[in-house]
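Me: I would like to learn how to read the features of a structural model with some care, one feature at a time. Could you give me the general idea for each, and then the case at hand?

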Amino acid sequence: MLAAAWQRFTGHRVAPKAALVVLAAALVAGFLLVRSERRDARNAEVLETACGGVLPRATVRGLLPGDETWELHGELDLTGPSGRGPRTLLRCSVEWGEYGRLELAAVPVLDVPLSGVRPRDILATRTAKEPDWATAYRSATTQVTAGCPAGLPGYPRPVTRFRVHASLVHDDGSGIARAAKEVRAAVTAVANHVREQGGCGGPAVKPSDVRPPPEPVEDPDEESGEVVPSCRWFRPELLDGRARGRDDREPDGVTGDDADVCSLRVPRAKPANRLDHFAQVGSVSWRGPLLPEVRTAYGAELAALSRAPEPESGEKSYTLAVWAESSCSGARTLSRVTVTTAAAAVAADRADRILAAYLAASDCRAVKVLGKVWK
């Protein structure tokens, strides 16, 4: 009976082929099911380990294509007390296909290192080129700068801020503008992981704190026509100056955590002699860790303050430097103001008044004038 049935089946024109098709389809479906399960398990493992395992898995899963296998690249987590001042605190990249990727990174916000403590050294930080790892956030999908009041561990100087940025790129290489809410959630999770591991203290990062990168501006003060903040204390009448014209040199200044510097040229409205068309004013204040280096760099000048010899006559210009110690905004501060004019008498007469105006604008108390020296 079975033999007869088999003979009828094999002798049928369509049945054997149909059966083979059904069997092949079943095998393919089974293979695809197994492969899908393995892919899902692999993808779940990637999400569990990416970025130290802190990513919100359900949210991030919605960002990534479920029909692709995800690969974890560049995993790095140096947060916590064992870190030794790394340039990158945390980094991870989940990639798929040829170009698709979700990248996240957390980096410290570091001041540009000074090559010295003199005004020219500090002013040079304005044009110093930042490394690529510090500027990558500018081309990211979204980013946040978070505070770390207690300071990140492992750095020689206090680091009280860090930045987390994320980029989401489609498999065809184009950026993805949608899913902003989901990317913000991932950035928030990473930022709070860095805060907790670093013992930062302060308020937690919220999704509303995460925003697109700021639009690039070459020089905000030039764009607005405003004087740089560190030079706003000066008033032209302190040196019988006139208003700055279109062709006059712009004030140059830097405001930092440990030093503020200003350098400006003042067109003279009442020249004292035929050479007295412009005066130069410089101001600098140092605080905190820079103070010992300042006393070393200016040792000879500070030692000469008590003598303060009169300037030699016949010079084309005269520079008088005035030094003071004070407490500015609660921090112990050493300040130096220089006045350069074509007439020594003008510098000698106005230097104290200019120093007083500078310190008053800087909210300085308990001022002790250390002395003057001609340069």
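Me: Is arginine 336 buried or exposed, and what is its relative accessible area?

Reply: Arginine 336 is buried, with a relative accessible area of 10%, where buried means under 20% relative accessible area, exposed means over 50%, and partly exposed lies in between, with a 1.4 Å probe and protein chains only. This is a predicted model, in which local features need pLDDT of at least 70 and side-chain atom pairs count only at pLDDT 80 or more, whereas totals for chains, interfaces and linings use all residues. Residues are numbered from 1 along each chain as its sequence is written, and side-chain values use heavy atoms, with hydrogens and water left out.

Me: Which side chain meets that of arginine 336 in a salt bridge?

Reply: As a general idea, side chains of opposite charge can pair when their charged atoms come close. The cut-off used here for a salt bridge is a side-chain nitrogen of Lys or Arg within 4 Å of a carboxyl oxygen of Asp or Glu. The side chain of arginine 336 meets that of glutamate 301 at 2.8 Å, N to O. Arginine 336 belongs to strand β10 (residues 331-341) and glutamate 301 to helix α9 (residues 299-303), so the pair ties together parts that are 35 residues apart in sequence; helices (H or I, at least four residues) and strands (E, at least two) are DSSP runs, numbered from the N terminus. Glutamate 301 is buried, at a relative accessible area of 7%.

Me: Which lysine meets glutamate 301 in a salt bridge?

Reply: Glutamate 301 also forms a salt bridge with lysine 375, at 3.0 Å from N to O. Lysine 375 lies in the segment after β11 (364-374) and glutamate 301 in helix α9, so this pair ties together parts that are 74 residues apart in sequence. Lysine 375 counts as exposed, at 57% relative accessibility. Elsewhere, salt bridges that share partners join Asp240, Asp349 and Arg350 into one network, and the structure holds eleven salt bridges.

Me: How many disulfides does a search of the whole structure find?

Reply: A disulfide is a covalent bond between the sulfur atoms of two cysteines. With the criterion of a pair of cysteine sulfur atoms within 2.5 Å, the search finds four disulfides. When the bonded cysteines are numbered in sequence order, the pairing reads 1-2, 3-4, 5-6, 7-8.

Me: What is the handedness of the link of cysteine 51 and cysteine 92?

Reply: That link is left-handed, with -55 degrees about the S-S bond, and the sulfur atoms of cysteine 51 and cysteine 92 are 1.8 Å apart. The pair links distant parts of the chain, 41 residues apart, with cysteine 51 in the loop between α2 and α3 (57-61) and cysteine 92 in strand β2. Cysteine 51 is buried at 0% relative accessibility, and cysteine 92 is buried at 1%.

Me: What is the torsion about the S-S bond of cysteine 328 and cysteine 364?

Reply: The torsion is about 100 degrees, so the disulfide of cysteine 328 and cysteine 364 is right-handed. Cysteine 328 lies in strand β9 (residues 318-328) and cysteine 364 in strand β11, so the pair ties together parts that are 36 residues apart in sequence. Their sulfur atoms are 1.9 Å apart.

Me: Which residues touch the most other members of the largest nonpolar core?

Reply: In soluble globular proteins, nonpolar side chains tend to be buried together. A nonpolar core is here a set of buried Ala, Val, Leu, Ile, Met, Phe, Trp, Tyr and Cys residues joined through side-chain atoms within 4.5 Å. Of the 36 residues in the largest one, Leu64, Leu104, Leu152 and Phe162 touch the most other members. Helix α6 gives the most to this core, with six residues. Leaving aside neighbours within four places in sequence, leucine 64 is in contact (heavy atoms within 4.5 Å) with Leu47, Trp70, Val94, Trp96 and Leu102. Apart from this core lies another, of 30 residues, among them Phe234, Ala344, Ala347 and Tyr358.

Me: How many helices and strands are in the chain?

Reply: The chain has ten helices and eleven strands, and 40% of its 375 residues count as buried.
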